[in-house]
Amino acid sequence: MADRKEFVPPKSSEEIEPESGKPHQPRPAISRRDFLVRSNAGAVAVGVLTGAGFAASQTQRPAAPAQATRPPAVVPLKARRVSLDIDRKKYDVNVDVRESLWETLNYQLGLSNCNLGCDRAQCGACAVLVDGKAVNGCSVLTARLGRGQKILTVAGISNGPGLQGLHPVQRAFWLEGGFQCGICTRGFVMASYALLQTNKNPTTADIKEALAGNICRCGEYAKIYSSVKKAAAEMRGERVSYTAPWITEEAITPAAGPVGNTLSKQFEFATPLGTIEQFDDLALELNQKPGIVGVSGTERTITPIWDPTRLDEAGVRRILAEAGHPVRP
Ligand code: FES
Ligand code: FES
């Protein structure tokens, strides 16, 4: 009987990475995103990593001729080039295949239009719409969104500056007091917006069902539900009244003046702001300046809206510089 040799798998340090030609260094543990990415790439084997206790999937490499029994190795992670349609604007960007839509929006594009709560598909704070459906931006891989899907955030549903420019859902949350700390609010607004695209007159049960993926830690649900009902009424063309004491008639009456004839432009700060709270303070200051109609932006960019009969671009740049935040040419 021929001698049988027991198969001894090569040590992982002996594996050679095909791209770099260097010895493969195994990762000590695998993240949830790594797991998702590799599962999506056509996983064929599942193992359990000791210690960390995570299930990890691996993609089979073609076997080398001399080592047909070689065990599968981890595929190196890759980047993809995607063309994203966000709020009707195109963005071409390189993304890591592990990158979430929330990460791309915030870290690559400087668009802070959805909040991060749990970062694990539990709270809905990060909800945006993809082709009309609410999804959790923290858990959708950007690499899968480059095929013409329409991504919509809170910034894409308003029509102009100020309270009058808000979408009825946004206005209702604001005027009805459908929020406290606001962490969850953008997610609730987008989930409510998605609901009202298909259901013009939702019952409380419909609203609860549609917003079941969103959690408000402040427990503001009663006001959230009444905000959605008021938004639905406004969208049906009914007159809606809000009773909050801070609401004045001027606040909800369309403003006379330059709203229809404004100019706006996105500028990049010469030095990015430290936090988004700093941006809020700056916006507050700018909104007091004559000729400035509204301001939006992020830590990296600012988009002032101004009345061209009172200001030109040079004047806007001067105001920003005087506020201590000059912008790039
Ligand atoms: S942050 Fe995405 S669901 Fe909580
Ligand atoms: S308003 Fe604070 S979490 Fe909802």
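This is a predicted model: local features need pLDDT of at least 70, side-chain atom pairs count only at pLDDT 80 or more; totals for chains, interfaces and linings use all residues.
**Group meeting: a mixed sheet and the helices beside it**

In strand β4, the bridge partner of Ala79 is Asp96.

First, the protein overall. It has 329 residues, and 30% of them count as buried. There are 10 helices and 11 strands. Take the contacts between residues at least 6 apart in sequence: 55% of these join residues at least 24 apart.

Now back to the strands. Strand β3 covers residues 79–86, and it pairs with β4 in the antiparallel sense over 8 bridges. Ala79 with Asp96 belongs to this pairing, and so does Ser83, which stands opposite Asp92 in β4. How many residues lie between β3 and β4 in their hairpin? There are 2, and Asp87 in the turn has a positive phi of about 50°.

β3 also pairs with β7. Here the strands run parallel, joined by 2 bridges. Asp85 has Lys150 of β7 as its bridge partner. For anyone new to this, strands of a sheet pair through backbone hydrogen bonds, and the pairing can be parallel or antiparallel.

The next partner of β7, which spans residues 150–152, is β5, residues 127–130; the two run antiparallel and are joined by 2 bridges. Val130 stands opposite Ile151 in β7.

Put together, what is the order of the strands in the open sheet? Reading across, the order is β4-β3-β7-β5-β6, which makes 5 strands with mixed pairing. At the edges are β4, residues 89–96, and β6, residues 133–136, each of which pairs on one side only. From one strand to the next, the twist averages 40°.

A helix packs on this sheet. It is α5, residues 185–198, and it touches β5 and β6. The direction of α5 makes about 35° with that of β5.

α5 also has helix neighbours, and I will cover two. One is α4, residues 168–176. The axes of α4 and α5 come within 9 Å and cross at roughly 135°.

Which residues of α4 and α5 meet? On the α4 side they are Val169, Gln170 and Phe173; on the α5 side, Thr185, Val189, Ser192, Tyr193 and Leu196. By class, this contact has 5 nonpolar residues, 3 polar and no charged.

The other neighbour is α7, residues 221–235. Its axis and that of α5 come within 11 Å, crossing at roughly 45°. That angle makes α5 oblique to α7. The crossing of α5 and α7 is right-handed. From α5, the contact uses Phe188, Ser192 and Leu196; from α7, it uses Ile224, Val228, Ala231, Ala232 and Met235. The classes are 7 nonpolar, 1 polar and no charged.

Key: Residues are numbered from 1 along each chain as its sequence is written. Chains are lettered from A and ligands numbered from 1 in the order in which they are written. Two strands pair if DSSP finds at least two bridges between them. Helices (H or I, at least four residues) and strands (E, at least two) are DSSP runs, numbered from the N terminus. Axes are lines fitted to C-alpha atoms, for helices over the stretch in contact, and angles run from 0 to 180 degrees between N-to-C directions. Two residues are in contact if their C-beta atoms, placed from the backbone, lie within 7 Å. A residue is buried if 20 or more other C-beta atoms lie within 10 Å of its own, exposed if 12 or fewer, and partly exposed in between; C-beta atoms are placed from the backbone. Ala, Val, Leu, Ile, Met, Phe, Trp, Tyr, Cys and Pro count as nonpolar, Asp, Glu, Lys and Arg as charged, and the others, Gly among them, as polar. Angles under 35 degrees count as roughly parallel, over 145 as roughly antiparallel, 65 to 115 as roughly perpendicular and the rest as oblique. A crossing is left-handed if the near helix is turned anticlockwise from the far one by less than a right angle, and right-handed if clockwise.
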